[in-house]
Amino acid sequence: MTIGVCRIELRLPENQSLKGKRQVIKSIITRLHNNYNVSVAEIDNQSLWQLATLGVTCVSNHRRHVDEILSNVVRFIIQNYPDVELLSSEIESFPAF
(Lines give C-alpha, C1' and ligand atoms only; values in the text may rest on other atoms or scores of the structure.)
Protein backbone atom coordinates (compact mmCIF):
# COMPACT_ATOMS: atom_id res chain seq x y z
CA MET A 1 0.00 0.00 0.00
CA THR A 2 1.26 3.46 -0.93
CA ILE A 3 0.19 6.79 0.55
CA GLY A 4 0.45 9.93 -1.56
CA VAL A 5 0.56 13.46 -0.21
CA CYS A 6 0.41 16.67 -2.20
CA ARG A 7 0.84 20.22 -0.89
CA ILE A 8 -0.60 22.88 -3.19
CA GLU A 9 -0.08 26.59 -2.65
CA LEU A 10 -2.53 28.86 -4.44
CA ARG A 11 -2.91 32.60 -4.92
CA LEU A 12 -6.35 34.09 -5.50
CA PRO A 13 -5.46 37.53 -6.93
CA GLU A 14 -9.03 38.58 -7.73
CA ASN A 15 -10.35 37.71 -4.29
CA GLN A 16 -11.40 40.55 -1.98
CA SER A 17 -12.54 38.78 1.22
CA LEU A 18 -12.29 35.65 3.32
CA LYS A 19 -15.86 34.81 2.34
CA GLY A 20 -14.91 34.89 -1.34
CA LYS A 21 -11.85 32.76 -0.63
CA ARG A 22 -13.94 30.17 1.21
CA GLN A 23 -16.32 29.88 -1.75
CA VAL A 24 -13.48 29.19 -4.18
CA ILE A 25 -11.67 26.78 -1.84
CA LYS A 26 -14.86 24.90 -0.98
CA SER A 27 -15.59 24.49 -4.69
CA ILE A 28 -12.08 23.15 -5.36
CA ILE A 29 -12.21 20.74 -2.40
CA THR A 30 -15.65 19.38 -3.35
CA ARG A 31 -14.79 18.88 -7.01
CA LEU A 32 -11.46 17.20 -6.24
CA HIS A 33 -13.12 14.82 -3.80
CA ASN A 34 -15.91 13.98 -6.24
CA ASN A 35 -13.68 13.58 -9.32
CA TYR A 36 -10.62 11.87 -7.82
CA ASN A 37 -11.82 10.38 -4.52
CA VAL A 38 -9.04 12.11 -2.57
CA SER A 39 -9.06 13.74 0.84
CA VAL A 40 -8.49 17.50 0.70
CA ALA A 41 -8.15 20.11 3.43
CA GLU A 42 -7.00 23.70 3.70
CA ILE A 43 -3.89 23.30 5.84
CA ASP A 44 -2.34 26.77 6.01
CA ASN A 45 -3.00 30.47 5.38
CA GLN A 46 -6.59 30.25 6.61
CA SER A 47 -6.69 33.89 7.68
CA LEU A 48 -5.15 35.30 4.47
CA TRP A 49 -7.76 36.12 1.84
CA GLN A 50 -5.52 35.84 -1.25
CA LEU A 51 -3.45 32.77 -0.32
CA ALA A 52 -4.47 29.17 0.32
CA THR A 53 -2.54 25.99 0.99
CA LEU A 54 -4.28 22.69 0.34
CA GLY A 55 -3.22 19.24 1.48
CA VAL A 56 -4.36 16.35 -0.72
CA THR A 57 -3.95 12.66 0.15
CA CYS A 58 -4.75 9.36 -1.50
CA VAL A 59 -4.02 5.68 -0.96
CA SER A 60 -3.43 3.02 -3.59
CA ASN A 61 -1.74 -0.33 -4.09
CA HIS A 62 0.75 1.16 -6.56
CA ARG A 63 3.04 4.17 -6.32
CA ARG A 64 2.57 4.96 -10.01
CA HIS A 65 -1.18 5.23 -9.51
CA VAL A 66 -0.75 7.57 -6.52
CA ASP A 67 1.60 9.83 -8.49
CA GLU A 68 -0.81 9.85 -11.45
CA ILE A 69 -3.83 10.79 -9.30
CA LEU A 70 -2.02 13.62 -7.54
CA SER A 71 -0.57 14.97 -10.81
CA ASN A 72 -4.09 14.94 -12.26
CA VAL A 73 -5.36 16.86 -9.20
CA VAL A 74 -2.82 19.64 -9.80
CA ARG A 75 -3.63 19.69 -13.53
CA PHE A 76 -7.37 19.82 -12.75
CA ILE A 77 -6.93 22.95 -10.62
CA ILE A 78 -4.85 24.66 -13.31
CA GLN A 79 -7.32 23.84 -16.09
CA ASN A 80 -10.59 24.49 -14.25
CA TYR A 81 -9.73 27.53 -12.13
CA PRO A 82 -8.06 30.08 -14.43
CA ASP A 83 -8.49 32.86 -11.85
CA VAL A 84 -6.41 30.89 -9.33
CA GLU A 85 -2.63 31.05 -9.64
CA LEU A 86 -0.64 27.92 -8.73
CA LEU A 87 2.37 29.07 -6.70
CA SER A 88 3.79 25.61 -5.99
CA SER A 89 2.94 21.97 -5.67
CA GLU A 90 4.86 19.13 -4.09
CA ILE A 91 4.00 15.46 -4.45
CA GLU A 92 5.41 12.79 -2.20
CA SER A 93 4.53 9.12 -1.95
CA PHE A 94 5.76 6.49 0.46
CA PRO A 95 4.94 2.93 1.53
CA ALA A 96 2.45 2.70 4.39
CA PHE A 97 4.08 -0.25 6.15
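The legends below describe close-up views of one predicted model.

Residue numbers start at 1 in each chain and follow the sequence as written. In this predicted model, local features need pLDDT of at least 70, side-chain atom pairs count only at pLDDT 80 or more, and totals for chains, interfaces and linings use all residues, while side-chain values use heavy atoms, with hydrogens and water left out.

**View 1**
Four strands form an open sheet in the order β2-β3-β1-β4, with antiparallel pairing. Strands are DSSP runs of E with at least two residues, helices are runs of H or I with at least four, and both are numbered from the N terminus. Two strands count as paired if DSSP finds at least two bridges between them. Strands β2 and β4 (85-95) stand at the edges with a single partner strand each, so one side of each has no neighbour in the sheet. From one strand to the next, the twist averages 20°, where axes are lines fitted to C-alpha atoms (for helices, over the stretch in contact) and angles run from 0 to 180 degrees between N-to-C directions. Strands of a sheet pair through backbone hydrogen bonds, either parallel or antiparallel.

**View 1. The pairing of β2 with β3.**
Five bridges join β2 and β3 in the antiparallel sense. S39 has T57 in β3 as its bridge partner. The loop between β2 and β3 (51-60) contains N45. N45 is not a glycine, yet its phi is positive, at about 65°. N45 is partly exposed, with a relative accessibility of 21%; buried means under 20% relative accessible area, exposed means over 50%, and partly exposed lies in between (1.4 Å probe, protein chains only).

One aromatic pair is present in the structure. The ring centres of Y36 and F76 are 5.8 Å apart and the planes stand at 80°, so the pair is edge-to-face. Rings of Phe, Tyr and Trp (its six-membered ring) pair if their centres lie within 6.5 Å; planes under 30 degrees apart count as stacked, over 60 as edge-to-face and the rest as tilted. Y36 belongs to helix α1 (residues 18-36) and F76 to helix α2 (residues 63-80), so that distant parts of the chain, 40 residues apart, are linked. Y36 is partly exposed at 24% relative accessible area, whereas F76 is buried at 9%.

N37 sits in the loop between α1 and β2 (39-44). Its phi is near 55°, a positive value in a residue other than glycine. Most residues other than glycine have a negative phi. N37 is exposed, with 62% relative accessibility.

The whole structure holds six salt bridges, each defined as a side-chain nitrogen of Lys or Arg within 4 Å of a carboxyl oxygen of Asp or Glu. R7 pairs with E9, with 3.5 Å between the closest N and O atoms. R7 also forms a salt bridge with D44, where the closest N and O atoms are 3.6 Å apart. This second pair links distant parts of the chain, with R7 in strand β1 (residues 2-11) and D44 in strand β2, 37 residues apart. R7 is partly exposed at 30% relative accessible area, as are E9 at 26% and D44 at 33%. Through shared partners, salt bridges join R7, E9 and D44 into one network.

R22 and E42 form a salt bridge, their closest N and O atoms being 3.2 Å apart. R22 lies in helix α1 and E42 in strand β2, so the pair ties together parts that are 20 residues apart in sequence. R22 is partly exposed, with a relative accessible area of 36%. E42 counts as buried, at 18% relative accessibility.

**View 2. A nonpolar surface patch.**
M1, V59 and F97 make a nonpolar surface patch of about 410 Å². Patches are made of residues with over 30% relative accessible area and no salt bridge; like charges are joined within 9 Å, and nonpolar side chains (Val, Leu, Ile, Met, Phe, Trp, Tyr) within 5 Å. Accessible areas come from the Shrake-Rupley method with a 1.4 Å probe, and for residues only the protein chains shown count as cover. V59 belongs to strand β3 and is exposed at 52% relative accessible area.
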